Amino acid sequence: MIIRVESLTKVYDTGAIQVEALSNVSLSIEREEYVAIMGASGSGKSTLMNILGCLDRLTGGKYILDNVDVSTLSDNELAAIRNKKIGFVFQAFNLLPRLSALGNVELPMVYAGLTKSDRLQKAKAALEKVGLGDRMHHRPNELSGGQKQRVAIARALVNDPAIILADEPTGNLDTKSSEEIMDIFEGLNNEGVTIVMVTHERDIAQHTKRAVVFRDGEIISDSRIENRIIRGGNNA
Amino acid sequence: MNISESFVSALQSVRANKMRSFLTMLGIIIGISSVITIVSIGQGGKEAILGEFDDLGTNVINVNVKSVDNEIEERDYLTLKDARLVEEKIPEVTTVVPASYGMGNIKTDKDKKFAEIDGVTHNITKLMKLEMLAGRFLSESDIEAARNVIVIDNITSKKLFKRPEDAIGQKVKVTIGDSNSNLTVIGVAKSTGGDMAEMFGDNYPGVGYIPITTGERVIPDARIVMFSVMLENMDNSNEVASKIVHLLEQTHRNKGKYSAEEGFKELDMLNNVINIFTMVIGAIAGISLVVGGIGVMNIMLVSVTERTREIGIRKALGAKNKDIMLQFLTESLILCLIGGIIGMSLGISLGLVVGKIINIPLGVSPSVILLAVGFSSAVGIFFGLYPANKAAKLDPIEALRYE
């Protein structure tokens with residue numbers, strides 16, 4: 001089991017009022033799963049994503065990631081966990097505009113303390129894997145949306161994380177690019193990468209294997225996806 | 001993330017905003033260059049002034065016969081025998097240079113020059129550097145034989161003869177009061193008055209050196225009123241001074257007639273005055289460095305705000321607080337360091353120009369370079385600390401959401 005969340009609650013204290021974003025959520029995700037987290041905005045799915053990504057702390061309950069209880073770790077320890085165990089893919093790509101594709105993919109390895117030559121070698125391999133071998137030295141503003149998201153996926157993969165957390169990864173993309181990105185995720189999952197994806201689009205969720213639906217901070221359904229869309233993919 | 005990588009990345013971000021970086025550096029450039037200009041001009045001025053004194057030995061105690069109350073009797077005056085006695089009896093003393101003097105005219109058939117006539121021994125060359133332009137200085141045998149010879153300085157030589165070489169072997173008449181003596185010029189020495197003598201021109205009195213023994217005939221009432229006593233070092237000069245006075249009092253069987261003081265007390269004072277002066281003006285210039293530092297802090301705060309999202313991304317990818325801190329601290333350090341180096345070059349050039357105009361050599365020492373680099377680094381770190389800390393403490397979620 002790679003993710004185990006027990007009785008998780010998250011309360012935002014805004015001073016005047018307290019907002020319970022997540023209440024008593026329990027969830028387990030196995031290695032090599034491909035899970036969609038769904039729900040309307042304000043349902044708590046983004047909050048869960050932040051907690052799963054070790055960007056935010058939980059108010060109550062327990063979160064065990066890859067056999068480590070992360071609910072008690074310090075800021076620096078959380079940073080190390082994010083660096084080594086989690087690969088983020090964001091809706092807005094979040095690439096650094098001043099760095100080339102290669103530089104962006106190198107970044108997590110910089111913080112992991114790898115040498116320049118190791119970083120280059122791994123970053124190149126990761127970019128080739130997402131089909132950007134010929135765009136390595138382009139800056140983000142010279143790339144299309146789909147290409148940017150592929151750079152982001154390469155960056156997420158490069159430290160061999162335990163899970164990939166994708167937050168609306170196709171939200172800013174046209175249909176064709178979205179399909180391409182979903183193909184890449186499909187291929188990665190087939191290779192054994194665990195993926196957790198937040199989305200509110202049903203047809204995107206159809207690509208995954210399991211859907212967890214949130215409403216008002218609680219899980220209202222957790223089911224296997226029937227009639228999965230499996231396109232060409234690498235290993236379809 | 002290691003230091004050298006943060007340096008490279010900081011350089012990139014400084015380059016990315018060239019104009020802004022330059023304007024930010026400007027404060028540091030102006031601060032450092034003005035401090036360096038002032039310090040090096042101060043240093044140069046000090047060296048120039050001390051250089052004038054360099055011709056004179058500095059390990060010197062001056063022994064004088066006190067002229068208080070006019071109660072000096074014949075037996076109180078210093079003698080050549082006293083000079084030898086001090087040299088022999090007090091081990092710290094290396095040389096005693098006795099001197100008598102009078103003011104008068106040095107005349108040729110055609111012209112005359114008002115001059116100070118000093119009765120000295122050959123040992124005076126140990127006390128002051130006398131550069132000979134022609135001929136030779138007084139020798140030991142000149143003193144012993146009380147020869148009728150004179151060494152004149154180049155001011156006198158210029159007035160009375162054309163070139164220093166022309167003076168050698170010429171007869172001059174030295175007139176002091178009623179006393180007239182014919183002496184032969186054996187040497188011309190460079191004037192010790194230096195630039196000052198040049199400025200005063202003909203009004204500046206010349207100098208004639210004659211054997212102290214000859215002086216007894218040439219200078220009316222020639223009395224030795226002063227010894228310059230040279231020591232190995234000045235470590236216990238006060239003790240040696242009282243020993244000398246005591247010895248003289250014993251020999252002359254009197255009390256309270258002699259004083260012995262360090263020869264160059266004024267020099268220390270002058271030194272202090274210039275140092276304080278340089279420090280005060282340097283401190284005023286240093287204020288502009290602080291203003292420059294505040295400018296750096298301001299821009300770094302803007303930069304942190306602008307790059308909030310970048311900070312969020314970096315944190316999400318695993319940057320620890322100290323990594324972010326280091327990144328922004330390095331940027332502010334680099335801004336100030338580059339500013340410091342430009343300011344240093346500018347300051348040295350400016351100092352050279354000003355030094356040329358007011359005609360003093362510039363004292364650019366390695367310590368000036370250390371000062372510039374050290375100060376600008378300190379400013380960079382000090383004023384970068386707050387913005388860098390602010391960046392490091394940003395909440396990753398907030399930062400990622402920042403538009």
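Biologist: Is the crossing of H3(A) and H4(A) left-handed or right-handed?

Modeller: The crossing of H3(A) and H4(A) is right-handed; a crossing has that name if the near helix is turned clockwise from the far one by less than a right angle, and is left-handed if the turn is anticlockwise. This is a predicted model, in which local features need pLDDT of at least 70 and side-chain atom pairs count only at pLDDT 80 or more, while totals for chains, interfaces and linings use all residues. Residues are numbered from 1 along each chain as its sequence is written, and chains are lettered from A and ligands numbered from 1 in the order in which they are written.

Biologist: What makes H3(A) oblique to H4(A)?

Modeller: The axes of H3(A) (residues 101-112) and H4(A) (residues 116-129), which are lines fitted to C-alpha atoms over the stretch in contact, come within 9 Å and cross at roughly 120°, on a scale that runs from 0 to 180 degrees between N-to-C directions. Angles under 35 degrees count as roughly parallel, over 145 as roughly antiparallel, 65 to 115 as roughly perpendicular and the rest as oblique, and the angle of this pair therefore makes H3(A) oblique to H4(A).

Biologist: Which residues make the contact of H3(A) with H4(A)?

Modeller: H3(A) brings Ala101(A), Leu102(A), Val105(A), Glu106(A), Met109(A) and Val110(A), and H4(A) brings Arg119(A), Lys122(A), Ala123(A), Ala126(A) and Leu127(A), where contact means that C-beta atoms, placed from the backbone, lie within 7 Å. By class there are 8 nonpolar, no polar and 3 charged residues, with Ala, Val, Leu, Ile, Met, Phe, Trp, Tyr, Cys and Pro counted as nonpolar, Asp, Glu, Lys and Arg as charged, and the others, Gly among them, as polar.

Biologist: Why are H5(A) and H6(A) described as roughly parallel to each other?

Modeller: Their axes come within 9 Å and cross at roughly 20°, and H5(A) and H6(A) are therefore roughly parallel to each other. H5(A) passes H6(A) in a right-handed crossing, where Gly145(A), Gly146(A), Gln149(A), Arg150(A) and Ile153(A) of H5(A) meet Ser177(A), Glu180(A), Ile181(A) and Ile184(A) of H6(A). By class, that contact has 3 nonpolar, 4 polar and 2 charged residues.

Biologist: What covers the buried residues of H6(A)?

Modeller: Among the elements that cover them are strand S3 (34-39), helix H5 (145-157), strand S8 (194-198) and helix H7 (202-205) of chain A. The buried residues of H6(A) include Ile181(A), Phe185(A), Glu186(A) and Leu188(A).

Biologist: Why is Met25(B) called buried?

Modeller: A residue is buried if 20 or more other C-beta atoms lie within 10 Å of its own, exposed if 12 or fewer, and partly exposed in between; Met25(B) has 27 and therefore counts as buried. Met25(B) is found in helix H2 (residues 18-53) of chain B, and, leaving aside neighbours within four places in sequence, is in contact with Leu335(B), Ile338(B), Gly339(B) and Ile342(B). Met25(B) and Cys336(B) are 311 residues apart in sequence, yet 6.3 Å apart in space, C-alpha to C-alpha.

Biologist: Why does Val379(B) count as buried?

Modeller: Val379(B), in helix H14 (residues 366-392) of chain B, has 29 C-beta neighbours inside 10 Å and therefore counts as buried. With neighbours within four places in sequence left aside, Val379(B) is in contact with Ile28(B), Leu289(B), Gly292(B), Gly293(B) and Cys336(B).

Biologist: How many residues does the contact take from chain B and from chain A?

Modeller: The contact takes 17 residues from chain B and 18 residues from chain A. On the side of chain B that touches chain A, the largest share, 4 residues, comes from H12(B), and by class that side has 9 nonpolar, 3 polar and 5 charged residues.

Methods. Helix = DSSP H or I, 4+ residues; strand = E, 2+ residues; numbered from the N terminus. Contact = placed C-beta atoms within 7 Å.
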